[in-house]
Amino acid sequence: MSAKDTFHDAVRNGLEKDGWTITSDPLRFDYGDVTFQVDLGAERLLVADRGNEKIAVEVKSFLRPSAITDFYAALGQFISYRLALQQVEPDRLLYLAVPNDAFNSFFQTEFAKVVVDQYAVLLVVYEPIEEVIVKWIN
């Protein structure tokens with residue numbers, strides 16, 4: 001079992017405040033011979049006739065001295081998890097949760113913007129102290 005990121009509980013609490021029901025903590029699934037473990041699975045009832053919106057959230061804290069090192073690891077996990085998740089649960093969207101400070105600094109660099117756009121990375125930005133979701137970026 002992998003360790004939870006520092007802000008795992010802050011994101012979980014933020015999602016619950018935002019109306020999501022946490023259904024898996026962590027969300028485990030198999031694809032082929034590999035077992036994957038995304039930090040959180042959540043659902044939210046949209047409208048009775050539209051059913052549930054389902055997401056998976058991989059939490060990243062971005063606390064290392066090098067944001068680019070954190071970004072490389074986060075992007076690699078995100079792409080791998082998304083590819084596998086699309087095979088086993090195509091109706092569940094994967095988000096990468098990043099703290100507000102990292103979003104307002106590193107994720108505003110030209111490089112990060114291009115990578116996020118090129119790889120269609122869905123982001124959920126959170127405030128770790130207040131434990132709230134700040135924004136969703138699709």
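How many bridges join strand β2 to strand β3? Five bridges link β2 (residues 27-31) and β3 (residues 34-38), and the two strands run antiparallel. Strands here are DSSP runs of E with at least two residues, helices are runs of H or I with at least four, and both are numbered from the N terminus; two strands pair if DSSP finds at least two bridges between them. Arg28 has Gln37 of β3 as its bridge partner. Two residues lie between the strands of this hairpin, in which Gly32 takes a positive phi near 65 degrees.

The model is predicted, with local features needing pLDDT of at least 70 and side-chain atom pairs counting only at pLDDT 80 or more, while totals for chains, interfaces and linings use all residues. Residues are numbered from 1 along each chain as its sequence is written, and side-chain values use heavy atoms, without hydrogens and water.

Next come the helices. The axes of α2 (residues 67-88) and α4 (residues 110-118) come within 12 Å and cross at roughly 0 degrees. Axes are lines fitted to C-alpha atoms over the stretch in contact, and angles run from 0 to 180 degrees between N-to-C directions. The two helices α2 and α4 are therefore roughly parallel, a term for angles under 35 degrees. Ile68, Phe71 and Leu75 of α2 make the contact (heavy atoms within 4.5 Å) with Phe111, Ala112 and Val115 of α4.

Finally, the largest pocket is lined by 14 residues, with Ser61, Phe62, Pro99, Asp101 and Ala102 nearest its centre. A pocket is an open set of points on a 1 Å grid over the protein atoms alone, where a 1.4 Å probe fits, with protein on both sides within 12 Å along at least five of seven lines; lining residues have an atom within 4 Å of a point. Helices α2 and α3 (100-104) each supply at least two residues of this lining.

Definitions and conventions: Angles under 35 degrees count as roughly parallel, over 145 as roughly antiparallel, 65 to 115 as roughly perpendicular and the rest as oblique.
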